[in-house]
Amino acid sequence: MSDFTKENISDLLFQNVDSIVIVDAQKGSYQAVKRTGLFEKIIQDTGSYNDLLKRLWFNINNSSNQISMDYQVFVPMLGKFSGKYSNKINFLYEDVIHCVQIAIYPLDTQNTQYLFLLDELDNSEYIRDFAANNKVDTIKNSYLFSMYVDLIKDTTHGINVTEISNDSMNYAVSYSTWRHTIVNMIEPDDQSLFLKRTSPEYLKANLLPGKTTSFDCQMKNLAGDYIWVKLIFSRSNTTNEDDFRFVYMVQNIHEESMELFETLKKYENLASKDTLTNIFNHGRIETEIVNAIESLKITDSPISIMMFDIDYFKKVNDVYGHSVGDNVLKQFVKIICDFFEPYNTKIGRWGGEEFVCVCYDNTFDNVKKLAEEVRKKIESESFDSVVKVTCSIGLTELQPNDTPLVAFNRVDSAMYQAKNNGRNQVVIK
């Protein structure tokens, strides 16, 4: 042991470390003193310090994908070290996951120059770490982000971004700066809620010691895609009322949220569809008329309402039976749905053999022609074992001063006038 000196220790260090990099953070540059193996491929002789940080830290964990440009605003904050720092990172290069040990030493008292020592760990080291941390990672990975916040000091520390690394990262950023930067990653419709619920004033007024609060919103992940997350705030349980330290976490709830929305949509459809014809039921098409009236108040686009009644439908049931009658109703609906498919229309069953069509974004002259065309198409169609089916149609254009009741009474009156005038015709009011 007495044979070792500062000089040969330096030589041994230089020989055994895979890569040595000198960083000048003030100038934003680096110089590689040594590069071997993997680091010959991923680090240049000289380059931008920001590029080096992005290459080493800002790739998505176990992936060659870089994080989205939105999050790269945090890169300069990552490279400020107030003391010695060590970490392990995993990233994918040439379809192989590499585990790299990083040790960083400040070279001056101003913390503007650093010595980076980089080593690639062998596979057995990586596998051992993976096996040891696998259960913990399964839990942690549902939390995309976590950090500790001190509102009084306006500081953050212990920041962990699981998509980048399972270890805490070295950010030097105040809470107020972080908050007004990260809001740009929140879906625009949710940004005002985010700013309200994350404001120091709100948290001080609403988060008691030991208590937790949360809310859901959409937020960009590191790949730049909006996902549903739960933002969680848990305040430290202390007896000091002026101690406003808390843990902030972002939980990935996207898969569960999408399943919930799909289920809600399914039940919404069930609640709004007619079970026989699979178009809007009475309540939903009635709501559509109300919506159309409201829409007319804020747009100049024309809206019309068309009402159909199948002529002598009672005879179909009496002569051929209700099974044939149901088939006639379904075929009738298919004809009018197929006919109006190219147009912006909403179709619903008003009741029995009566149907309503709300026609958007089409001039009244065009809708008149369409009404006559669909009447003729129905008249020429063959219906199951029924020889002939016709329909009576009422048509009206919505007016700015219409109420839903006034508009419906007008189209209903037009449809009954078509029936009273001999059926199989269009009446306009």
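This is a guided tour of one predicted chain, from the whole model down to single residues.

The model is predicted: local features need pLDDT of at least 70, side-chain atom pairs count only at pLDDT 80 or more, and totals for chains, interfaces and linings use all residues. Residues are numbered from 1 along each chain as its sequence is written, and side-chain values use heavy atoms, with hydrogens and water left out.

**Whole chain**

Select everything and colour by secondary structure. The chain has 14 helices and 16 strands; helices (H or I, at least four residues) and strands (E, at least two) are DSSP runs numbered from the N terminus. The radius of gyration is 34 Å, well over the 22 Å that the globule rule gives for 429 residues, so the chain is more spread out than a compact globule. Here the radius is taken over C-alpha atoms, and the globule rule is 2.2 Å times the number of residues to the power 0.38. Along the principal axes, the C-alpha atoms fill a box of roughly 115 × 50 × 40 Å.

Now switch to a surface. The chain exposes about 22600 Å², and carbon and sulfur atoms supply 50% of it; the areas come from the Shrake-Rupley method with a 1.4 Å probe, and for residues only the protein chains shown count as cover. Of the 429 residues, 45% are buried. Buried means under 20% relative accessible area, exposed over 50%, and partly exposed in between (1.4 Å probe, protein chains only).

Colour by charge next. There are 44 positive and 59 negative side chains, and the centres of the two sets lie 4 Å apart. Lys and Arg count as positive and Asp and Glu as negative, while His and the chain ends are not counted; the place of a charge is NZ of Lys, CZ of Arg, CG of Asp or CD of Glu.

Select residues 85–93 (S4) and 96–106 (S5), which run antiparallel and are joined by nine bridges. Two strands pair if DSSP finds at least two bridges between them. Asn87 has Ile102 in S5 as its bridge partner. Two residues separate the strands of this hairpin, and Glu94 in the turn has a positive phi of about 55°.

Stay in S5 and pick Ala103. Ala103 counts as buried because its relative accessibility is 16%. Beyond its neighbours within four places in sequence, Ala103 is in contact (heavy atoms within 4.5 Å) with Tyr85, Ser86, Leu115, Phe116 and Leu117.

**Strands S7 and S11**

Move to residues 143–150, strand S7, where six of the eight residues are buried. Seven bridges join S7 to the antiparallel strand S11 (residues 245–252). Tyr143 has Gln251 as its bridge partner in S11.

**A loop residue and a second hairpin**

Select Asp189, in the loop between helix H6 (175–182) and helix H7 (191–198). Asp189 is exposed, with a relative accessible area of 66%. A line from Asp189 to Asp18 spans 48 Å, C-alpha to C-alpha.

Next take S9 (residues 212–220) and S10 (residues 226–235), an antiparallel pair with nine bridges. Thr213 stands opposite Phe233 in S10. Five residues lie between the two strands of this hairpin, and Gly224 in the turn has a positive phi of about 95°.

**End of helix H9**

Pick Ser272 in helix H9 (residues 254–272). Ser272 is buried, with a relative accessible area of 10%. Not counting residues up to four places away in sequence, Ser272 touches Ile279, Phe280, Asn281 and Arg284. Val33 is 70 Å from Ser272, C-alpha to C-alpha.

**Two positive phi values**

Most residues other than glycine have a negative phi. Tyr312 has a positive phi of about 55°; this residue is in the loop between strand S12 (303–310) and helix H11 (313–320). At 45% relative accessibility, Tyr312 counts as partly exposed. Asp361, also not a glycine, has a positive phi of about 60° and is found in the loop between strand S14 (354–360) and helix H13 (364–380).

**Last stop: Val426**

Select Val426 in strand S16 (residues 426–428). Leaving out residues up to four places away in sequence, Val426 touches Ala371, Glu372, Arg375 and Ile393. Val426 and Met306 are 120 residues apart in sequence but 9.5 Å apart in space, C-alpha to C-alpha.
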